[in-house]
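Please review the structure shown below. The briefing that follows is grouped by topic for use alongside the coordinates.

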Amino acid sequence: MLSASLVHELRQPLFAARAMAQLAQAASRPDQVAGHLDGVLAQLGTLDLLLRAYSELSRSPLTEALTFDVWQAVDSALVVVGTAARRGGVGVRLLGERGVLVTAPALAVQQVLVNLLQNAIEALSATTPAELTLTVLAGPARVRVVDNGPGVAPEIRGRLFEPFRTTKPTGTGLGLVLSRDLARGFGGDLVLLESAPGRTAWELCLPA
Ligand SMILES: Nc1ncnc2c1ncn2[C@@H]1O[C@H](COP(=O)(O)OP(=O)(O)OP(=O)(O)O)[C@@H](O)[C@H]1O
Ligand SMILES: [Mg+2]
């Protein structure tokens, strides 16, 4: 499972870096080229962080608990998916409480959020206006990710957390399985609160 997880997590920044490099190639103005190259560097930074995390698992940010503000994890996850959200015309709203502290492996929390955000952005590809709302709640600490897309397809509704269940031509169907494993591994959980056309809500529960 670790190697499947590694492949899944590394694919996202890798594909994003490639897409940004292609944008840089196609751009005509030097400031546009520079902007896209900044994006490539940010994605390579994420790749480096992930590889370092996996190379020293015993002390990695994927397993080692730190105390941090939930918004730090939300902000880092938004940096990773920022280009995809902008390209998809997805409006992002941030709601809820400030200063909610959790003790958990920061990178694992960030990775679960990246997977949820990525899924939401993909689900919103045919929705206008596309809206993604992130809400941080306290007592117990949790993050809600809500999109106004079409909802989870009925044929996979009851089997979302089975490996290789995907409705996407290039999907692995591992994102949710790995995310729930990561969440339960650090004492949290990942649940689908509701899903209907126009509103799909996920909740990542975090340890205190
Ligand atoms: N926000 C959402 N709205 C509608 N359907 C969703 C949403 N999130 C997940 N799904 C459905 O759940 C399936 C499984 O998601 P999961 O993240 O496990 O794999 P994937 O997204 O298909 O592949 P990968 O994560 O490797 O790109 C998706 O293919 C999609 O059909
Ligand atoms: Mg996914």
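Just after α5, G187 adopts a positive phi of about 90°. Helix α5 covers residues 175–185; helices here are DSSP runs of H or I with at least four residues, strands are runs of E with at least two, and both are numbered from the N terminus. The model is a predicted one, in which local features need pLDDT of at least 70 and side-chain atom pairs count only at pLDDT 80 or more, while totals for chains, interfaces and linings use all residues. Residues are numbered from 1 along each chain as its sequence is written, and chains are lettered from A and ligands numbered from 1 in the order in which they are written.

- Strands β6 (residues 189–196) and β7 (residues 199–205) pair in the antiparallel sense over seven bridges, pairing being assigned if DSSP finds at least two bridges between two strands.
- S195 stands opposite T200 of β7.
- Two residues lie between the strands of this hairpin, where G198 has a positive phi near 95°.

- The shell around ligand 1 holds 23 residues, of which N119, A123, T166, G171 and G175 come nearest; a residue is near a molecule if its C-beta atom, placed from the backbone, lies within 6 Å of it.
- The elements giving two or more residues to this shell are α4 and α5.
- α4 gives the most, with four residues.
- By class, the shell has eight nonpolar, 12 polar and three charged residues; Ala, Val, Leu, Ile, Met, Phe, Trp, Tyr, Cys and Pro count as nonpolar, Asp, Glu, Lys and Arg as charged, and the others, Gly among them, as polar.

- Helix α3 (residues 70–87) has 18 residues and reaches 26 Å from its first C-alpha to its last, close to the expected 26 Å; the expected span is 1.5 Å times one less than the number of residues.
- A kink of about 60° in α3 is centred on V81, the bend at a residue being the angle between axes fitted to the seven residues ending there and the seven starting there.
- V70, A73, V74, A77, V80 and V81 are the buried residues of α3.
- G89, which follows α3, has a positive phi near 65°.
- T46 lies in helix α2 (residues 30–55) and is buried because 23 other C-beta atoms lie within 10 Å.
- Leaving aside neighbours within four places in sequence, T46 is in contact with P13 and V80; contact requires C-beta atoms, placed from the backbone, within 7 Å.
- The C-alpha atoms of T46 and Q12 are separated by 9.6 Å, although these residues are 34 apart along the chain.

**Backbone exceptions**

- Most residues other than glycine have a negative phi, and most peptide bonds are trans.
- A cis peptide bond joins T128 and P129, with omega about -10°; P129 is placed in the loop between α4 (106–123) and β4 (130–137).
- The bond from G139 to P140 is also cis, with omega near -5°, and P140 lies in the loop between β4 and β5 (142–147).
- F164, a residue other than glycine, has a positive phi near 65°.
- F164 belongs to the loop between β5 and α5 and is exposed, since 10 other C-beta atoms lie within 10 Å.

Methods:
Buried ≥ 20, exposed ≤ 12 C-beta atoms within 10 Å, placed from the backbone. Contact = placed C-beta atoms within 7 Å.
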